[in-house]
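Open the model in your viewer and keep the selection panel handy.

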Amino acid sequence: MNRRILTSIIAFITLWTVAPASAAQATAQPETYRWDLGAGIGMSGYLGDANESNLLSHPGVAANISLRYLINTRFAVRALVNMASISGSTADMENVVPGTTVRDFRSTVYDLQARGEFNFFNYGIGQSYKQLSRVSPYLALGAGISVASCRGGESNVAMTIPMAVGVKYKANPRLNLGLEFAMNKVLGDKADGRDLTDLYLIKSSFIKNTDWYSTLLFSVSYELGERCIGCNRLD
């Protein structure tokens, strides 16, 4: 009889100590992260006075580093530092421009951007009740400032409007792979140098003589800064 009572007491104490731990494990959720630090590399293109239609006619090299603040599974704010080499030549154009001299250029554009991003799906891994997806396309829009360093030592500064579309893949809870295409509208006409400024002799240059450059980048990023998203706080 005493043995049965002792066994019952031991079983009760064991259940009383193990049950809260099991409950805590059941209510705790996987950790997510606040920041996403990454880098990308790929190719660049140019549209402007020396190339009006084909982004691939003079491909260049592009690279960036970026830092995202992950607001939630749908929205993020991203800061980027980009580098892109661009080039072009009026010899490739069908349009007739004033004068007969062929003009070409080569520039390296450096820019600093801030963007807002929207994921089409709830991007993440685990947490099945949120219907997270490891793959998500996204759109981005922002503003920036660029410095174009042209051949011959000339430099020009202008504001930019970056617009991007891409897709993300979460390889594991902290590692992300991405592919992104971005078009950057330069609010000026000197990214391709002064020789191509106002090439058509039209003073409404904002409409006719505005430069663009594009980037197509493959990126890798790593998430930092743990964020606890447990359903209940257990003190």
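This is a predicted model. Start with the lining of the largest cavity: three of its residues are nonpolar, three are polar and two are charged. To show them, select Asn64, Arg78, Tyr138, Gly178, Leu179, Glu180, Leu217 and Ser219. Colour strand S7 (175–186) and strand S8 (212–227), the elements that give two or more residues to this lining. S7 gives the most, with three residues. The volume of this cavity is about 50 Å³.

How many cavities of 30 Å³ or more are there? The count is two.

Go to the second largest cavity, with a volume of about 40 Å³. Select its lining: Asn64, Leu80, Asn82, Asp111, Gln113, Arg115, Glu180, Ala182, Asn184, Tyr213, Thr215 and Leu217. Two or more of these residues come from each of strand S3 (75–89), strand S4 (104–119), S7 and S8. Four of the lining residues are nonpolar, five are polar and three are charged.

Clear the selection and turn to the nonpolar core. In soluble globular proteins, nonpolar side chains tend to be buried together. The largest such core here has 13 residues. Select Tyr46, Ile86, Phe105, Val109 and Tyr213, which touch the most other members. S3, S4 and S8 each supply at least two residues of this core.

Centre on Val109. Leaving out residues up to four places away in sequence, Val109 touches Asn82, Met83, Ala84, Ile86, Ser146, Val147, Ala148 and Tyr213.

Last stop: aromatic rings. The whole structure holds four aromatic pairs. Select Phe75 and Phe118. Their ring centres are 5.3 Å apart and their planes stand at 50 degrees, so the pair is tilted. This pair links distant parts of the chain, with Phe75 in strand S3 and Phe118 in strand S4, 43 residues apart.

Phe75, Phe118 and Phe120 make up one aromatic cluster.

Phe75 is partly exposed, at a relative accessible area of 41%. Phe118 is partly exposed too, at 29%. Phe120 counts as partly exposed at 39%.

Definitions and conventions:
Residues numbered from 1 in each chain as written. Predicted model: local features only at pLDDT ≥ 70, side-chain atom pairs only at ≥ 80, totals over all residues. Heavy atoms only, no water. 1 Å grid on protein atoms, 1.4 Å probe; cavity = no way out; pocket = protein on both sides within 12 Å on 5 of 7 lines; lining within 4 Å. Points joined across faces, edges and corners; volume = space filled by probe spheres on them. Helix = DSSP H or I, 4+ residues; strand = E, 2+ residues; numbered from the N terminus. Nonpolar A, V, L, I, M, F, W, Y, C, P; charged D, E, K, R; others polar. Core = buried A, V, L, I, M, F, W, Y, C linked by side-chain atoms within 4.5 Å. Buried < 20%, exposed > 50% of the residue type's maximum accessible area, 1.4 Å probe, protein only. Contact = heavy atoms within 4.5 Å. Phe/Tyr/Trp six-rings, centres within 6.5 Å; stacked < 30°, edge-to-face > 60°.
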